Amino acid sequence: MPNIKPISPIEAENEHRGTIPDSIINAFNKLIVKHYKPISKEAVVKQDEVLDMVCGDADCGMLTKDEIFDNHWLDVEDIYREQGWDVKYDKPAYNETYDAYFVFSVKK
């Protein structure tokens with residue numbers, strides 16, 4: 001009988017992180033720099049801006065929005081928190097109309 005063990009939550013998290021394409025992290029990095037405000041020590045990055053950058057980037061193999069959402073590749077909050085950012089994500093409720101966005105701020 002094989003010695004296969006169930007995956008732990010930590011292993012699952014690490015495995016998922018390894019599936020996020022570099023082009024997505026690169027897009028977030030570029031947009032954080034672009035929108036960073038030294039006075040407030042934060043950057044507001046719109047989700048659609050990330051998608052436009054990634055889906056139009058020839059280096060990423062032309063990922064589709066459906067593929068990105070289906071694979072949860074925009075779930076980058078913990079990755080950036082480990083690098084010293086406080087990350088918040090906000091999206092509109094069913095009765096609201098505004099762009100979904102991430103706020104990256106320097107941890108205090």
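The structure is a predicted model, in which local features need pLDDT of at least 70 and side-chain atom pairs count only at pLDDT 80 or more, while totals for chains, interfaces and linings use all residues. Residues are numbered from 1 along each chain as its sequence is written, and side-chain values use heavy atoms, with hydrogens and water left out.

Helices (H or I, at least four residues) and strands (E, at least two) are taken as DSSP runs and numbered from the N terminus. Three strands make up an open sheet in the order β1-β3-β2, with antiparallel pairing; two strands count as paired if DSSP finds at least two bridges between them. β1 and β2 are the edge strands, each pairing on one side only. On average, neighbouring strands of this sheet are turned by 15° against each other, direction ignored. Axes here are lines fitted to C-alpha atoms, for helices over the stretch in contact, and angles run from 0 to 180 degrees between N-to-C directions. Between β2 and β3 the antiparallel pairing extends over six bridges, and Tyr-89 stands opposite Phe-102 in β3.

Which residues of helix α3 (residues 47–55) are buried? They are Gln-47, Val-50, Leu-51, Val-54 and Cys-55. Seen down the axis of α3, these buried residues fall within an arc of 115°, so they line one face of the helix; the arc is that of the directions from the helix axis to the C-beta atoms. Their cover includes α2 (22–35), β1 (42–46), α4 (65–70), β2 (85–90) and β3 (101–106).

The interior can also be viewed through its nonpolar core, defined as a set of buried Ala, Val, Leu, Ile, Met, Phe, Trp, Tyr and Cys residues joined through side-chain atoms within 4.5 Å. The largest such core has 22 residues, and those with the most contacts inside it are Ile-24, Phe-28, Val-50, Ile-68, Leu-74, Tyr-80 and Phe-104. At least two residues of this core come from each of α2, β1, α3, β2 and β3, and α2 gives the most, with five. With its neighbours within four places in sequence left aside, Phe-104 is in contact with Phe-28, Ile-32, Lys-41, Glu-42, Ala-43, Val-45, Tyr-80, Trp-85, Asp-86 and Val-87.

Tyr-101 lies in strand β3 and is partly exposed, with a relative accessible area of 25%. Sequence neighbours within four places aside, Tyr-101 is in contact with Val-44, Val-45, Lys-46, Gln-47, Lys-88, Tyr-89 and Asp-90. Tyr-101 and Leu-74 are 27 residues apart in sequence and 11 Å apart in space, C-alpha to C-alpha.

A search of the whole structure finds seven salt bridges, each defined as a side-chain nitrogen of Lys or Arg within 4 Å of a carboxyl oxygen of Asp or Glu. One of them joins Lys-88 and Asp-86 (3.4 Å, N to O); Lys-88 counts as exposed at 52% relative accessibility, whereas Asp-86 is partly exposed at 28%. Salt bridges that share partners join Glu-13, Arg-17 and Glu-82 into one network. Within it, Arg-17 meets Glu-13 (3.0 Å, N to O); both lie in helix α1 (residues 9–19), four residues apart, about one turn of the helix. Arg-17 also meets Glu-82 (2.6 Å, N to O), a pair that links distant parts of the chain, with Arg-17 in helix α1 and Glu-82 in the loop between α5 (77–81) and β2, 65 residues apart.

Two loop residues complete the description. Lys-41, in the loop between α2 and β1, has a positive phi of about 55° although it is not a glycine. His-72, found in the loop between α4 and α5, likewise has a positive phi of about 55° without being a glycine, and is partly exposed at 46% relative accessible area.

Notes
Buried means under 20% relative accessible area, exposed over 50%, partly exposed in between (1.4 Å probe, protein chains only). Contact means heavy atoms within 4.5 Å.
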